[in-house]
Amino acid sequence: MSFLFGNRSSKTFKPKKNIPEGSHQYELLKHAEATLGSGNLRMAVMLPEGEDLNEWVAVNTVDFFNQINMLYGTVTDFCTEESCPVMSSCWRYEYHWADGTNIKKPIKCSAPKYIDYLMTWVQDQLDDETLFPSKIGVPFKRNFITVAKTILKRLFRVYAHIYHQHFDSVMQLQEEAHLNTSFKHFIFFVQEFNLIDRKELAPLQELIEKLTTKDR
């Protein structure tokens, strides 16, 4: 949500994805922002009474894309082919890219290349009206939650890379509070609706426990 970042000049990595004003999803986004403003992240992620789960997941997935887009945008100068020749979170976790369409067999690539592929792929999913319908009354596909899980699993990898490889830069830029709040919000959301397998979260498990235990 925009309140996390105040009025700072924000350099996004990819163009921001906007939810059309006047749509029901825009109203849901405003509801989420208002709840987030109270500072209670656990309450903020809960499905509002009477709302559709698919629509709530869709609105929040778009919002997390925008947040991560902004966060990664602040460290792109430090995430280069030379500094990050492989896409990893820490020495134990390395990610290879495949999207199942253009690149079917996973390829090893640098972190900036991987994240470029990943964010472009997510953008394509968000722009697909059959997957993320913006008009009221247009039903979501049956496999929507499965697609959303894949998107969120991949977005998590960008958080993991930033934390493990660029946290010093984040601290120099005085962005750590924004990064921590955004990540905590993301984790509460995926935990609330069981959207990412625990094993996928392993690269940041210690941090997740630290950020979430005091809110139990």
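Helices are taken as DSSP runs of H or I of at least four residues, numbered from the N terminus. In the predicted model, glutamate 33 and lysine 30 lie three residues apart in helix α1, and are therefore separated by about one helical turn. Their side chains meet in a salt bridge with an N to O distance of 3.0 Å. Lysine 30 is partly exposed, at 36% relative accessibility.

This pair is one of five salt bridges in the structure. Another joins the side chains of aspartate 127 and lysine 17 (2.9 Å, N to O). Aspartate 127 belongs to helix α4 (residues 111-127) and lysine 17 to the segment before α1 (24-37), so this pair ties together parts that are 110 residues apart in sequence. Aspartate 127 is partly exposed, with a relative accessibility of 46%, and lysine 17 is partly exposed at 22%. A salt bridge is also formed by aspartate 197 and lysine 199 (3.4 Å, N to O). Here aspartate 197 is partly exposed, at 47%, whereas lysine 199 is exposed, at 60%.

The structure contains zero disulfides. The sulfur of cysteine 79 has its closest cysteine sulfur in cysteine 84, at 4.0 Å, which is too far for a bond, given a cut-off of 2.5 Å. Cysteine 79 is buried, with a relative accessible area of 4%, and cysteine 84 is likewise buried, at 4%.

In helix α7 (residues 205-213), the buried residues are Gln205, Leu207, Ile208, Leu211 and Thr212. These cover an arc of only 155° around the axis, and therefore lie on the same side of α7. They pack against α2 (41-45), α5 (144-172) and α6 (176-192). The face turned away from the buried side of α7 carries the exposed residues Glu206 and Lys210.

Definitions and conventions: Residues numbered from 1 in each chain as written. Predicted model: local features only at pLDDT ≥ 70, side-chain atom pairs only at ≥ 80, totals over all residues. Heavy atoms only, no water. Buried < 20%, exposed > 50% of the residue type's maximum accessible area, 1.4 Å probe, protein only. Helix = DSSP H or I, 4+ residues; strand = E, 2+ residues; numbered from the N terminus. Arc of directions from axis to C-beta. Contact = heavy atoms within 4.5 Å. Salt bridge = Lys/Arg side-chain N within 4 Å of Asp/Glu carboxyl O.
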